[in-house]
Amino acid sequence: MSKIMNLLPKAHRGLLFFFLIYGFGVASWAPMVPLAKISLALSDAKLGIILLSLGVGSIIAMPISGFCINHFGSRAITIFSCFVLAFVLPLLINATSALQLSCLLFIFGAAIGSADVAINAQAVVLQEKMSKQIMSTLHGMFSLGGLAGSLGIGLLLKVNLSPTLAALSIMLSIIIVLLIYGKTLLASNCENKLSRASFVIPKGPILILGGLCFIVYLAEGAMLDWSAIFLQFSRSFDPEFSGLGYAMFSIAMAVMRFKGDSLVIRYGSTRVVFYGACLAAVGYLFVATIPSSIGALLGYLLVGLGLANIVPIFFSTAGKFPNVPAAIAIPALTTVGYSGFLIGPALIGFVADWFSLALSFGLLSLSLLIVAIAFQKLNQRFLNSV
């Protein structure tokens, strides 16, 4: 026992870096989207369909990674998934056809989904053994990584590095962290075997909450897949600066996630979700309607501030409904919510192709207002909470 306790500080430090590079790798894709669109001469609708591959890969990989964690431990799956994520990045930027890009995005999405499950499983075990709350800080590090990733490619391109060399530099940075901190994570013998909780089709309050989670995930996914496209093609940003929107979003997410626990304690989850969703709705409205670069960047900042703590609150809420065990509620909520990532990019792409990307963002603004009101009613009806 004492040996394990001595390992905890190192494991915590290592996991902080893993969340950082995980966010770093995921966000590095955002500035690459416009480059891929131009290189392959893709319409918004076709790009949306291709981006669907990322979501499909993630959804398929999540239950498989849970099975693998049960056999090999979350450390092994976290390291393996991050290695795959790193190696695919340079391949994405060099895809020579729509089919090739779609296949690579499927692998990239599978690495993201697998890493997401494994790294959070590692975090849950570590938090339990340390007997203190560390989850918000870890997710804050993910957002900081998102900031670094969204800016990293752009800065490397700005100094005249080729897109391939820029992606290789990102890959090398991730691998260095993996090699240095991989062994610090808790080994499989420190983990309990995961229970095989039954999956049920969500209904009642879980179905409603899942629908709200779907909207929020769709709004977050729009930042990753479409923020750079909008800035470059609708607000005339240079390609090397097109990642600034996601950077602003990530800064805001990081700041609010580091403050999330204290905000919920002080104001309550219902108010945090209500005002957060309203703030994000205003942000998307700014992006859609203010025809200036400053307005777009301010909008992205507001979206990040508003969305930061909504999904964590949703998962906490899912475990509180009477007569619905958390082991059933949370997997059901995850599946419905992550489908927002699955069909969101394609849905936004079709609306953008038929009308405009600005209209897509305007519809997201309206949807987030529904989240603000519906979550308040849901809590009042099923949990008697205000």
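These legends go with a set of close-up views of a predicted model.

**View 1. Helix H11 and the helices around it.** Helix H11 covers residues 293–307, so named by its 15 residues, because a helix here is a DSSP run. From first C-alpha to last, H11 reaches 21 Å, close to the 21 Å expected at 1.5 Å a residue. Look along H11 for its buried residues, which are Gly295, Ala296, Leu297, Gly299, Tyr300, Leu302, Val303, Gly304, Gly306 and Leu307. What covers these buried residues of H11? The cover includes helix H8 (204–234), helix H9 (244–267) and helix H10 (269–289). Helix H12 (310–318) and helix H14 (357–382) are also part of that cover.

**View 2. Helices H10 and H14, side by side.** Two packed helices can be described by an angle and a distance, both taken between their axes. For H10 and H14, the angle is about 170° and the axes are 8 Å apart. Angles over 145 degrees count as roughly antiparallel, and H10 and H14 are therefore roughly antiparallel to each other. The residues in this contact of H10 with H14 split into 19 nonpolar, six polar and no charged.

**View 3. Ser365, a buried serine on H14.** Ser365 is found in helix H14. Is Ser365 buried or exposed? Its relative accessibility is 6%, so Ser365 counts as buried. Setting aside neighbours within four places in sequence, Ser365 is in contact with Ala281, Val282, Tyr284 and Leu285.

**View 4. The largest nonpolar core.** This core has 113 residues. Which residues have the most contacts inside it? They are Phe18, Trp29, Leu101, Phe108, Leu307, Phe314 and Phe361. The largest share of the core, 17 residues, comes from H8. Zoom in on Phe361 and, leaving aside neighbours within four places in sequence, you'll find it in contact with Ala222, Trp226 and Phe230, along with Tyr284, Val287, Ala288 and Tyr300.

**View 5. Val26 and its partners from elsewhere in the sequence.** Val26 lies in helix H1, which takes in residues 2–27. With 7% relative accessibility, Val26 counts as buried, because the cut-off for buried is under 20%. Beyond its neighbours within four places in sequence, Val26 is in contact with Leu85, Phe108, Ile112 and Leu224. Take Ile112, one of those partners: Val26 and Ile112 sit 86 residues apart in sequence, yet 7.2 Å apart in space, C-alpha to C-alpha.

How values were computed
Residues are numbered from 1 along each chain as its sequence is written. This is a predicted model: local features need pLDDT of at least 70, side-chain atom pairs count only at pLDDT 80 or more; totals for chains, interfaces and linings use all residues. Side-chain values use heavy atoms; hydrogens and water are left out. Helices (H or I, at least four residues) and strands (E, at least two) are DSSP runs, numbered from the N terminus. The expected span of a helix is 1.5 Å times one less than its number of residues. Buried means under 20% relative accessible area, exposed over 50%, partly exposed in between (1.4 Å probe, protein chains only). Contact means heavy atoms within 4.5 Å. Axes are lines fitted to C-alpha atoms, for helices over the stretch in contact, and angles run from 0 to 180 degrees between N-to-C directions. Angles under 35 degrees count as roughly parallel, over 145 as roughly antiparallel, 65 to 115 as roughly perpendicular and the rest as oblique. Ala, Val, Leu, Ile, Met, Phe, Trp, Tyr, Cys and Pro count as nonpolar, Asp, Glu, Lys and Arg as charged, and the others, Gly among them, as polar. A nonpolar core is a set of buried Ala, Val, Leu, Ile, Met, Phe, Trp, Tyr and Cys residues joined through side-chain atoms within 4.5 Å.
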